[in-house]
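Please read the following with the sequence and the coordinates side by side. The text goes through side-chain contacts and the parts of the chain that they join.

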Amino acid sequence: MATFKQLVRFTVGDQTHYGELINTDGNKYTVQQFNGSPFDKLLSTDKIHTVTDLLSPVPSTPLVVCIGLNYKEHAKEANLNVPTYPPVFTKPADALAGPFETIPIHRDAQSHLDYEGELTVVIGKDAKNVSAENALDYVLGYTAGNDLSARNFQLPEASGGQFCYAKSFDQFAPIGHVLVSAQEVPNPQQLSLVTKVNGQVKQRTNTSDMIWGVREIVSHLSRGMTLRKGTVIMTGTPSGVGYFRKEFLQDGDVVEVQVGGVARVKNTMKYL
């Protein structure tokens, strides 16, 4: 069984494959093809491809689980007290999107469209009642994500303060471009995170500022609830979101999120 360091998904002809990212040269990616699936068995091949596009590192997900208010500086920015347990909301499977896709924005989501750069976790095997001590054993890998949000549907007067609908539009959860193996990240609480809009830095932090680390999040979410393999967990955003800057995303804006200097999403917003 093969192991990976930087897992990608790509297409050759009409076939989609997993692969190990070997080299990046501008918009060209050299990958070594795997057969199989990281959730079952990956098999190495001697096939090397050069491709110009990468897909979401996982083809689908049973659920996208999101954590709110999980950075100390973001809690200060929002002037909110930190609760006992992590705030949890979800995005449906159809919110998943690739790292370089253009994101279509419904007209009713345009007025307060916002970004949230996040460290994103993919669960590798079913997890239930997992201790924090053992939680990282269930992590397949780490990647970058953007928890896109239509803030107008998140306001208390619009939805009673519920977050889910505001964040559940199709393709509102782009992730990628690589999935870095959990074995390559000994401490997920020591990763850089940078979000840019049209090349300008809007968020810059380290995951050491997280209130609940990956261990605590996986353990909490698995309490009496099965986290299925392939579940995507967005672990919260740092300070600097557009809502508190009074800056919302416009048609054609490009949002880039980079985690650990490795994983990167870069998506263009397209008003419909």
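A residue counts as buried when its relative accessible area is under 20%, and as exposed when that area is over 50%. The model discussed here is predicted. By that cut-off Lys167 is buried, because its relative accessibility is 1%. Glu116 is buried as well, at 7% relative accessibility. These two residues form a salt bridge, with the closest N and O atoms 3.2 Å apart. The pair links distant parts of the chain, 51 residues apart: Lys167 lies in the loop between helix H2 and strand S13, and Glu116 in the loop between strands S9 and S10.

Side chains of opposite charge can pair when their charged atoms come close. In the whole structure, 10 salt bridges are found. One of them joins Lys229 to Asp40, where the closest N and O atoms are 3.3 Å apart. Lys229 sits in the loop between helix H3 and strand S16, and Asp40 in the loop between strands S3 and S4, so the contact ties together parts that are 189 residues apart in sequence. Lys229 is partly exposed at 36% relative accessibility, whereas Asp40 is exposed at 54%.

The loop between H3 and S16 also holds Arg228, and its partner Asp126 lies in the loop between S10 and S11, so this pair ties together parts 102 residues apart in sequence. The salt bridge between Asp126 and Arg228 has an N to O distance of 2.9 Å. Asp126 is partly exposed, with a relative accessible area of 39%, and Arg228 is partly exposed at 45%. Through shared partners, salt bridges join Lys91, Asp114, Glu116, Asp147, Arg151 and Lys167 into one network.

Aromatic rings come next. The structure holds 8 aromatic pairs. Among them is the edge-to-face pair of Phe153 and Tyr165, with 5.0 Å between the centres and 85° between the planes. Phe153 is in the loop between strand S12 and helix H2, Tyr165 is in the loop between H2 and S13, and the two are 12 residues apart. Phe153 is partly exposed, with a relative accessible area of 22%. Phe153 and Tyr165 belong to one aromatic cluster with Phe169 and Phe172. A ring also takes part in another kind of contact: the charged end of Lys125 sits over the ring of Tyr138, 4.9 Å from its centre.

Gly26 lies in the loop between strands S2 and S3. It counts as exposed because its relative accessibility is 53%. The C-alpha atoms of Gly26 and Ala158 are separated by 43 Å, and the two residues are 132 residues apart along the chain.

Technical notes. Residues are numbered from 1 along each chain as its sequence is written. This is a predicted model: local features need pLDDT of at least 70, side-chain atom pairs count only at pLDDT 80 or more; totals for chains, interfaces and linings use all residues. Side-chain values use heavy atoms; hydrogens and water are left out. Helices (H or I, at least four residues) and strands (E, at least two) are DSSP runs, numbered from the N terminus. Buried means under 20% relative accessible area, exposed over 50%, partly exposed in between (1.4 Å probe, protein chains only). Rings of Phe, Tyr and Trp (its six-membered ring) pair if their centres lie within 6.5 Å; planes under 30 degrees apart count as stacked, over 60 as edge-to-face and the rest as tilted. A charge sits over a ring if NZ of Lys or CZ of Arg is within 6 Å of the ring centre and within 35 degrees of the ring normal. A salt bridge is a side-chain nitrogen of Lys or Arg within 4 Å of a carboxyl oxygen of Asp or Glu.
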